[in-house]
Amino acid sequence: FEVDTYLRIDGIIIAEGDEDNYIVFESFSEDAVKGSWEGIKLRGTSNTVINEDNEYVSGTKISYAKIKDASRGIYTYDNSVFISNSSFENNDKAIEIRATDKVVLIESKFKENNVGIYSEYSDYSSGDDVNVIANTFIQKNHFSNNSSGINLNMNQRVFKNLKIQNNLFENNNTGLSFGGGGYGPRVADVTISNNVFNNKIGTIESVGLSVGQIYGGDSDFNEEGGVIKILHNLFKNAYLNYNYGGGVSGIDVKISNNIIDNSEGHDLVPAPYGIKISGGTSKSDTISNNYINSASYHFDLSDSYTDPSNKIFKDNTLESVVESTPDNSIYSIGVFGSGHKFESNNFLSPLNEKQFINKGTDNVNAKNNYWGTIDESIIGGLIYDYYDDFELGEVDYSNYLTAKSTSAPISPPVSVEKSTD
């Protein structure tokens, strides 16, 4: 394709190669760069049928295709599409979805794009309105060396039934970014689960999953336990960042059963958090049953436009081999805001200096946790609060557990060797 040209489909396209014969869409130029041609534009007249198991039945299908060097490799608007086993490389945006209903993106590779899968925040000029994105399934893909693997956001429009599952994110600046901006999207049933976020130490910023401001829910959807669920993901040298923003109502969020292993080289990784929370809403979000092994911070709650509040940390195991520092620059848990509750967690960091830092004036409920010891004087010495600085609130660690909580994840085995005897 020449510069400024594109392929426009007002109807159905079936581009189906095989493992040995990929269909290639690329720039005509031998020195192609990102944006050397416009890409493929799929318009709203197609009628793609995908069954309940997300299997292709009929309509638009792109399979075993390679799309390179485009401004938007595939732009799909007001339609449905099935894309599988394809490769997207060196594009500005590999795929943009807009006002779609039933999009299946599976078993494809996204490499060295600015953004792998993208949605526009707002557009009041092109005629292609930003609107509800429904029934989107992004599964079993590989995102590597992109600035952002996935970046999905809209201004007060709804993401409905969005499933991002079983993907591998490797060495992206940000693996997955959802929400943010001045208001952020509305959401109805968003699940991010069973993904792997893996970065090399000391090479790039280590954000695995970043969730930004969410405007609110959808009046047609309400489910106990949260309408954003972050479940069963594995983070290696990558952390989970939740920037709530402020000034809007937000929604309930559940962050559970994740493994975060940032235990290597805290001097090398730019920001080795486990879970970092900035700002907040009044919603009672639940962070539970996570295992976090970090070279420095496990949970860090910080002030932003609004204060984080009412977060429930329950049945988590926090482990570290790195000692905290006398100046409190490295610690296990940093708390800011009101109404937080820590319960039935296992705090297994080294018993030195201060591990639990209250950074604000509100009291913190940290009853019924295991601190790695039953010596109350040692437990008190791990906490920095009112009794170290009278401007701060008090951390209540009473009723501490005398053994590890069995409702929290167990620590994985170490120094395991294979034997054939």
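Reader: Why is Asn141 called buried?

Author: Asn141 has a relative accessibility of 3%, and because buried means under 20% relative accessible area (exposed is over 50%, partly exposed in between, with a 1.4 Å probe and protein chains only), Asn141 counts as buried. This is a predicted model, in which local features need pLDDT of at least 70 and side-chain atom pairs count only at pLDDT 80 or more, while totals for chains, interfaces and linings use all residues. Residues are numbered from 1 along each chain as its sequence is written, and side-chain values use heavy atoms, with hydrogens and water left out.

Reader: What does the side chain of Asn141 reach at 2.8 Å?

Author: The side chain of Asn141 reaches the backbone nitrogen of Ser108 at that distance, 2.8 Å, and a polar contact is a pair of N or O atoms within 3.5 Å, where within protein one must be able to donate a hydrogen and the other to accept it, and residues adjacent in sequence count only if both atoms are side-chain atoms.

Reader: What makes S25 and its neighbours pairs?

Author: Two strands pair if DSSP finds at least two bridges between them (strands being DSSP runs of E, at least two residues, numbered from the N terminus); strand S22 (residues 186-193) and S25 have four bridges in the parallel sense, and four bridges also join S25 to strand S28 (residues 253-256), again parallel. Lys229 of S25 is the bridge partner of Thr191, and in S28 the bridge partner of Lys229 is Lys254.
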